[in-house]
Amino acid sequence: MEGSVIGTLKISFYTPHKGLMETPRTKRMRHCSNSNRNLMDLDNDNLVDIFSRLPAESVCSVGCVSKALHNIVSRPSFLNQHMSSLVTTNAAAEVPQLVIVSQSKKKYMAELIAMQSFEYDGNTLEMRRDKTRIVSKIMSWWYEYFFNVHFVFCNLICLKDRHTGSRCVLLNPLKGEAVMLPTCIVQVPEHLKTTVFSYYWFGMGFDNTTSTHKVVQVCADSEYNYCVSHVYVLGTRSWREICSVPPCDLTVKNLSAYGDMHWLIRRATTGRAQANIRHCMSILSFDFKKEEFGWNIPDPPLRNMPRKFHSVQRFHLINLRGSLSVVDASSDKYLDIWMLKNYDEKEWVLVHRIEARMINAECRYRSYRLWTCCEWGHGIFFKRSRKSNSTVVLLDLRTVCIHRVKCPIYQKGLYTSIFSYTSSLISLKSYGNLIPLKRYGKPTEAEESRRSGSSMNIWHLCN
C-alpha cells in the first residue's frame, strides 16, 4: 500500500508482507520510520510529475515552502509541462473565476478599461478578497487606441484595437503584466495592392510538441475575397505567414480549449439535391501543432433546419467543467447544454435540458438568448453584452436553480461585460518587453476603499 499527503508536503510508503500480522512494536517502528521521510526524499522527476498535476494556485503555494521547491516550480521546463497538462489532460484545471470589464463609451475623454474579479456568495456578486483578486485599469486616448476584449486564454486577456484591428495587447492582470504584440506586415500580391483589410481575428493556443505559446491572426477584406493567416510565437520578433486560411469568416463566438482555438460557425451544407441547402452549427478549429484550420470536431447534434436556421447569436461556446460545450438557446421551450466529454472520441452528450420558462421568469427580457454566456463555479450565467445593464442571470446546474443578481459595477456611461478565466503560471515577462505600469492620477477614496490593501495596476498607453 502506498500513501501520500501532498497538502502537508509529507509522503510515506509502507508495504506489509502477506500473511504477517502487524504487531504494536512493528507499528511503532513504521510510524517512526515514516515520520522521518518527507516529499523531498523523492527525485526531481517524480516531484515534477506530481506538481504538474496541481492547480496553478497550489503550485504557487508549493513554491513558497522552500527555496528548493521554488527552484523546481519556477523552471521553464516545469512551466511548459504544467501548461501541457492543463491543455491536454485538464488535470490541473481550476474552478473558473469571474472578471468584470467596464469600459467608457465617452468619445472625447481618456478610454478606460477596468478589470475586477468577483465571486458569487449565493446572494450577490462581491469583489474577491483573497490574493487572486484583480484590480487593473488601462487608460488611453480614444484617437490612439480603442480596445475591446477579443478572447481569453487561461488568465491572459487579449485586447484588440478597434481603430486599426491589427494591434492587440496581451494582458496578465493576475501578475500585473502587459505586452504589445508586434504589428503584422501583410504581403499582398501585386494585383491586389488596393485590397483593404476590414476584418482581423486573433486566437491563442499552446503547442505541446514544441512547448511554445502561439497566436494566430486572420486578415480578410470586406467581401472575404482575399484572406491571409499569420502565426506569431511568443518570444519572437515577427509574424510568419502560413498556407492555411479559414474557409469562411470567423465570429466573436470563440473559445480556447485543449490547446487549440475554436469558433462557432453557422455553416450551410448541401444535400443530395443541389437546392436542398441546410444550415447547422459547426465548430471551426485551429490546430496550433499543425498550424492549420479544419473541422476537427463533429457538429453537435442540434436541430438542423433548412435555410431559416437560427443565427449564431442564439448559441454559445463555453468550457464547462474542463470540457468543450455548446449552449443551445434557440428554442423557446428549453435550454440544452451539449458537452464534448471525450475529446479523443469526439462524442457529444446532452448533459442538461432546462425549461426556458424558468429563465424567462427571472429575466425582464426574453432576449436573454442573445446575451453573452460564460461559465462560473457551479454553472453558467447570462449577461447583456457590452450594455450598461445591471442584470446577471446565474444558472446553478447542481440544483437547476436560477438566480438574478445585480452587476456590482453599474454606472451610466459604462459598458460592462463579464468573462470567466482560470489561473495559470504564464509570465509575459519571458516573452517580450512589458508595458510599464504607471500611476495616472491619485486614486479616489472609493478606489482606495475597494482596494482593501491590494495593489492597483494601471497602464497608460500612448504612441
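Biologist: What joins the side chains of Glu-291 and Arg-240?
Modeller: In this predicted model, a polar contact of 2.9 Å joins them.

Biologist: And which contact joins Glu-291 and Lys-214?
Modeller: The side chains of Glu-291 and Lys-214 are joined by a polar contact of 2.9 Å.

Biologist: Where is Glu-291 placed?
Modeller: Glu-291 sits in the loop between strand E17 (277-287) and strand E18 (292-294).

Biologist: Buried or exposed?
Modeller: Glu-291 counts as buried, because its relative accessibility is 15% and the cut-off for buried is under 20%.

Biologist: What else does Glu-291 touch?
Modeller: Leaving out residues up to four places away in sequence, Glu-291 touches Lys-214, Val-231, Arg-240, Ile-242, Ser-244 and Phe-286.

Biologist: Changing topic. Which residues touch the most other members of the largest nonpolar core?
Modeller: That core has 44 residues, and the ones with the most contacts to other members are Met-83, Phe-151, Phe-153, Leu-170, Met-204, Trp-263 and Phe-286. Strand E11 (residues 197-207) gives the largest share, six residues.

Biologist: Which domains does the core draw on?
Modeller: At least three residues come from each of domain 1 (42-88) and domain 2 (97-439).

Biologist: Take Leu-170. What does Leu-170 touch?
Modeller: Not counting residues up to four places away in sequence, Leu-170 touches Phe-151, Ile-157, Cys-158, Glu-177, Ala-178, Val-179, Leu-181, Met-204, Leu-234 and Leu-428.

Biologist: How many residues are in the second core?
Modeller: The second core is separate and has 20 residues, among them Met-339, Ile-359, Cys-373 and Leu-397.

Methods
Residues numbered from 1 in each chain as written. Predicted model: local features only at pLDDT ≥ 70, side-chain atom pairs only at ≥ 80, totals over all residues. Heavy atoms only, no water. Core = buried A, V, L, I, M, F, W, Y, C linked by side-chain atoms within 4.5 Å. Buried < 20%, exposed > 50% of the residue type's maximum accessible area, 1.4 Å probe, protein only. Helix = DSSP H or I, 4+ residues; strand = E, 2+ residues; numbered from the N terminus. Domains from an automatic or database assignment. Contact = heavy atoms within 4.5 Å. Polar contact = N/O pair within 3.5 Å; in protein donor to acceptor, adjacent residues only side chain to side chain.
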